[in-house]
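Visitor: Hi, could you walk me through this one? I'll jump around a bit.
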Amino acid sequence: MFVLQVALVVLLVVAAVVALMLQSERDTSAEAERRSLAVTETFANAPGLRAALREPRPTTVLQPLTEAGRRAAGVDFIVVMDTHGIRYTHPMPDRIGKRFVGTIGPSLQGRTLTESVDGPLGREMQAVVPVEDPGGRVVALVSAGLKVKNVANEVERQIPIILTAGAGALGAATAVTALVSRRLRRQTHGLGPDEMTRMYDHHDAVLHAVREGVLIIDADGRLLLANDEAVRLLDLPPDAEGRHVTELPGLEPDAVALLSSGREATDEVLFARGLLLAVNQRPTDRDGGPAGTVVTLRDSTELQAVSGRAQIARERLELLYDAGLGVGTTLDVTRTAEELARIVVPRFADFVTVDLAEAVLHGGEPDARATDLRRVAVHGIHDDHPLRQRGRLIDVLSATPWIHGYRIGRVARIPDLSAAADWQARDPAGARQILDRGINTLISAPIRARGAVLGVVNFWRTKEHGPFDDEELSLAEELVAQAAVSIDNGRRYAREHTMAVTLQRSLLPRALPEQNAIDAAHRYLPAHSGVSGDWFDVIPLPGGRVALVVGDVVGHGLHAAATMGRLRTAVHNFSTLDMPPDELLSHLDDLVGRIDQEEAGTEAAAVVGATCLYAIYDPATRRCALARAGHLAPVVVHPDGTAAFPDLPYGPPLGLGGMPFRTEELELPEGSQLVLYTDGLVEDRGRDLDENLELLRTTLAGHPGRSPERHCQAVLDALLPEQPQDDVALLVARTRVLPPDRIADWDVPADPAAVSGIRRAARARLDAWQLTDLEYSLELVLSELVTNAVRYGSPPLHVRLMYDRTLICEVSDGSSTSPHLRCAAATEEGGRGLFLVARTAERWGTRYTPQGKVIWAELALPGADGTPRIPGLEALGDLEDLL
């Protein structure tokens, strides 16, 4: 076959070359005739030709002209002759004057003649054109010609090109034939005609014997082929092939629409003649075939029923899986109930309600005698449902069907709500609303956890979806059991969280103490995920001063809260010793180290990471001393509204040991505000710490008249998310200043005789302050303290009185020796002075300074009736006996 195809191609190429050569010869003669005639006519009509003919010797003029024209035109000769045919010009000069070879008769009559003759130059194609005078009389003849062999040479030059083109065509045809043959062999898998015939016979037998319908439809929607199974399934008539699918009788509209659409389809289910057919449809022109579609039909009626049951089982497993992932994402019992309600609607029920015992919502144990449930979740396919809304109380003693599962303690199904006569009699209006909305079946499943019933979940379904079956009863029980675990976990977490928060709040100050040094406002927000170790304090100190404390124990839980309580108590105890901030933090650092050593090897975690900021403000001097242990620097808001972070020396966190702390003193004008806070306020995963600190500063700045309370609220609004992940402690203190007219101080000589002069000066100051009722008590305290300073102390000696919430008396000297209170025996003459001071003053103590010590005593101011409030006044009579 391949050789035959090659021979046919060779024959066609040879015939084409011969035909081309013949055509070229014919075209050559025509070309020679055309060129000869064109040159002849051009020369015959050339200007000056007639004038040259009138010359005595025309040859002399015309011979150069004809030769130049011959060479320019590319012809072999141009001959000018008279009317008798005698040549005036010729390329061969010896032919001039001889007769022209050719026919001149027609030209003498004024016609143009072309002919092929054997002339002096050989076989020639020539043209003869008359030259007429203005009167139309022929005065001469012009002939130009071209030798035929010169024109044939051009054809010969074209023959190689023609042969090359033919060879190329032959090669291309041969290659195409080879490729076609190879593709045919590949497509037929090397099968010969007999094998191909046998294959088509087998194909036809299989097509009609297979138990799956096959249809082939062309691009116009006409049925080209239908096998026996397709005819049976679709009940096609015998003449179905060749008809349009829309003309086939008995087909359902959906089947007609699919078969005539030509689109792809995969296992689409069609209903035809009571059968469920799985239809697959594919185009036939994917591999270059004719346009159309091939359709396969499979009877899946029985398989559909089985797969329907499998689909239902798969959907129920998916529902349980989704419930396992989507229910209980938080430890909020209400949120868990809402998640359950949203997952099962509408995949399992049309409406869902969840009711929980009131104690469960607050983290308590459910009471078996409880008579009320609280509805915490309601969800359905419609928002305007007739069921009781969220937040309503449900009476357990009522005869409503949705309490049935809670009362009996196991899942219950009510297939027909209209048959619940007791319910309709007790609540006819509510029952009628529910039944009128088509709700007719219910599953009531109790929420059981660790042997206790926490509440009940009710699954409602309308008539449209039919009643619940036994398998769905088990599914409801599984769903509620999964949710019950999460609800119980949330309940226990709520209880523990409440206990921890209660413990933590009990360890924090419930109210700020009364003092005149500052106006303070505070906020404490526990973390959403659990309690932590943040705390703050305002501690009054002797001399009208006040200590401001804020601290943080890293971590969450009861251990962090308990550790915070221990550190706060320690700060209170250390503050009573009136230590400077750096010394107090050193003692607190030692305490934390001891706590870690005591808890080493136990389950309790170490207190690594505890931080603290301690500040002491003196309203008499407007000086504030601060020191910090790993804590963030405070913000100072000046009276003009500017805010800045003071440059405080950084100290290591508490518990590391071996690193000193340093105190920095600031002078704060009256009305300045000191903002202390914990890291929970400024640490946010969404922003950098420096950005939050700058946001804190800008929030506080620019509001010179804002109160501490408003500062607290503004800071929380600007920096805190809705649910902070860490505890937040915030303390804002606005400074006050003790007026100078309420302070009196004197230098005391180191002479016992100076005591009387100090008493007189003190009485005069009390008269100016209208505190004459305290003269006796003050003289007693001053006499004892100044006398002890003169006798046992060292210069310089100084006395200061301050009129604040109490009358404060301070005696300082340069000695660090501290007096001690003791009980003197009856036979001893001395030793009773400090005892009298302790009984007379409300408080007293010793404060050490870099220059020595200060012994102070506070006297209570007179009450509303003008009588002095002196502690232990009833014991003064007994003291007189001792004196």
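Visitor: What covers the buried residues of α14?
Guide: The cover includes α13 (421-426) and β14 (439-449). Contact here means heavy atoms within 4.5 Å, and buried means under 20% relative accessible area, exposed over 50%, partly exposed in between (1.4 Å probe, protein chains only). Helices (H or I, at least four residues) and strands (E, at least two) are DSSP runs, numbered from the N terminus.

Visitor: Before we go on, what kind of model is it, and how are residues numbered?
Guide: This is a predicted model, where local features need pLDDT of at least 70 and side-chain atom pairs count only at pLDDT 80 or more, while totals for chains, interfaces and linings use all residues. Residues are numbered from 1 along each chain as its sequence is written, and side-chain values use heavy atoms, with hydrogens and water left out.

Visitor: Back to α14, then. Which residues in α14 are buried?
Guide: Gly430, Ala431, Ile434 and Leu435 are buried in α14, which spans residues 428-436. They sit on the same side of α14 because they cover an arc of only 130° around the axis. That arc is taken over the directions from the helix axis to the C-beta atoms.

Visitor: And which exposed residues are on the face turned away from that buried side?
Guide: Pro428, Ala429 and Asp436 are the exposed residues carried there. Just after α14 comes Gly438, with a positive phi of about 90°.

Visitor: Zooming out, how many helices and strands does the chain have?
Guide: There are 23 helices and 30 strands. Of the 883 residues in the chain, 45% are buried. Among contacts with a separation of 6 or more, 60% are between residues 24 or more positions apart.

Visitor: What does the accessible surface come to?
Guide: About 44500 Å², with 54% of that belonging to carbon and sulfur atoms. The areas come from the Shrake-Rupley method with a 1.4 Å probe, and for residues only the protein chains shown count as cover.

Visitor: New topic: helix pairs. At what angle do α16 and α17 pack?
Guide: α16 (residues 558-576) and α17 (residues 581-598) pack at about 145°, and their axes are 10 Å apart. Axes are lines fitted to C-alpha atoms, for helices over the stretch in contact, and angles run from 0 to 180 degrees between N-to-C directions.

Visitor: Is that crossing left-handed or right-handed?
Guide: α16 crosses α17 in the right-handed sense. A crossing is left-handed if the near helix is turned anticlockwise from the far one by less than a right angle, and right-handed if clockwise.

Visitor: Which residues meet there?
Guide: From α16 you have Arg566, Leu567, Ala570, Val571, Phe574 and Ser575, and from α17 Leu584, His587, Leu588, Leu591, Val592, Ile595 and Glu598. By class, that contact has 9 nonpolar, 2 polar and 2 charged residues. Ala, Val, Leu, Ile, Met, Phe, Trp, Tyr, Cys and Pro count as nonpolar, Asp, Glu, Lys and Arg as charged, and the others, Gly among them, as polar.

Visitor: OK, and how do α20 and α21 pack?
Guide: α20 (residues 754-768) and α21 (residues 775-792) pack at about 145° with axes 10 Å apart, in a right-handed crossing. The residues making the contact include Val755, Ile758 and Ala762 of α20, and Leu778, Leu782 and Val786 of α21. The classes there are 7 nonpolar, 2 polar and 5 charged.

Visitor: What's in the loop between α16 and α17?
Guide: Asp578 is in that loop. Asp578 is not a glycine, yet has a positive phi of about 55°. Asp578 counts as buried because its relative accessible area is 6%.

Visitor: What does Leu541 touch?
Guide: Leaving out residues up to four places away in sequence, Leu541 touches Val546, Ala547, Ser575, Asp578, Tyr614 and Ile616. Leu541 sits in the loop between β17 (532-540) and β18 (546-556), and is buried at 4% relative accessibility.
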